[in-house]
Amino acid sequence: MSHSLVLDLSDANKLLVGHQDHYIRPANSKDLPQISAIEQLTSAYPCSNKQLQNCIHQTYVLCQESAIQGFIVIAIVENQAELHNIAINPEAQGKGFGSLFLQGLIQALPTRIEQFYLEVRVGNYRAIRLYHRLGFVKIAERKDYYRHGLGREDALVMARPCKQ
Ligand SMILES: CC(C)(COP(=O)(O)OP(=O)(O)OC[C@H]1O[C@@H](n2cnc3c(N)ncnc32)[C@H](O)[C@@H]1OP(=O)(O)O)[C@@H](O)C(=O)NCCC(=O)NCCS
């Protein structure tokens with residue numbers, strides 16, 4: 001059973017000091033149109049609005065003033081955290097925001113959370129490079145895990161300790 005998190009985001013927001021007007025905050029239902037627009041632009045198989053709404057209490061947004069530039073969905077299961085989604089608006093990609101956003105949220109997790117897990121398509125090289133930079137290592141592969149065109153694509157399961 002996963003549940004929502006109340007995170008102290010002050011240190012996460014300190015990582016963004018060099019990026020004027022950017023900050024991280026928990027998402028709410030009013031953010032759904034902007035979150036959904038980014039999901040549509042960044043995913044070949046986007047989550048539906050209903051799916052995004054169902055996990056809104058586990059979602060954090062990266063904002064520039066009132067404009068949402070990215071979102072992350074994290075689920076907590078006992079002493080583990082799982083990354084369920086991360087997306088940065090294409091116009092804001094390649095500027096370090098994805099890395100800072102994820103790094104900030106990992107640092108903000110309560111100390112009882114020991115491991116952080118994620119799954120990624122084997123062909124998503126950009127995301128995999130980001131995860132390697134943040135200290136994630138491959139721990140398993142799931143064969144034919146994702147839809148890919150008319151076929152299937154394998155997933156990498158990656159993990160890192162939360163405190164390192
Ligand atoms: C994966 C994703 C979240 C990365 O977000 P991002 O903000 O572009 O990530 P970063 O900017 O931190 O890093 C990406 C690249 O930009 C480079 N970069 C970082 N800061 C930079 C800067 N100031 N100027 C130029 N480039 C920079 C990084 O070195 C990195 O290069 P690399 O891909 O060659 O290793 C984003 O590409 C995305 O939304 N993808 C679609 C959704 C997706 O695939 N999600 C993952 C699901 S598992």
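**Exercises on fold and ligand shell**

From the N terminus on, the elements of the protein follow the order α-β-α-α-β-β-β-α-β-α-β-β. The model is predicted: local features need pLDDT of at least 70, side-chain atom pairs count only at pLDDT 80 or more, and totals for chains, interfaces and linings use all residues. Residues are numbered from 1 along each chain as its sequence is written.

**Exercise 1.** State how many helices and strands the protein has.

Solution. Helices (H or I, at least four residues) and strands (E, at least two) are DSSP runs, numbered from the N terminus. On that basis the protein has 5 helices and 7 strands.

**Exercise 2.** Compare the radius of gyration of the protein with that of a compact globule.

Solution. Step one: the radius is taken over C-alpha atoms, and the globule rule is 2.2 Å times the number of residues to the power 0.38. Step two: for 164 residues this gives a value near 15 Å, and the protein has 15 Å, which agrees. Step three: along the principal axes, the C-alpha atoms fill a box of roughly 40 × 35 × 30 Å.

**Exercise 3.** Describe the shell around the ligand.

Solution. Step one: a residue counts as near if its C-beta atom, placed from the backbone, lies within 6 Å of the molecule. The ligand is surrounded by 18 residues, the closest being Gln 93, Gly 96, Gly 98, Ser 99 and Arg 129. Step two: strand S4 (80-88), helix H4 (97-108) and helix H5 (125-133) each supply at least two shell residues. H5 gives the most, with 4 residues.
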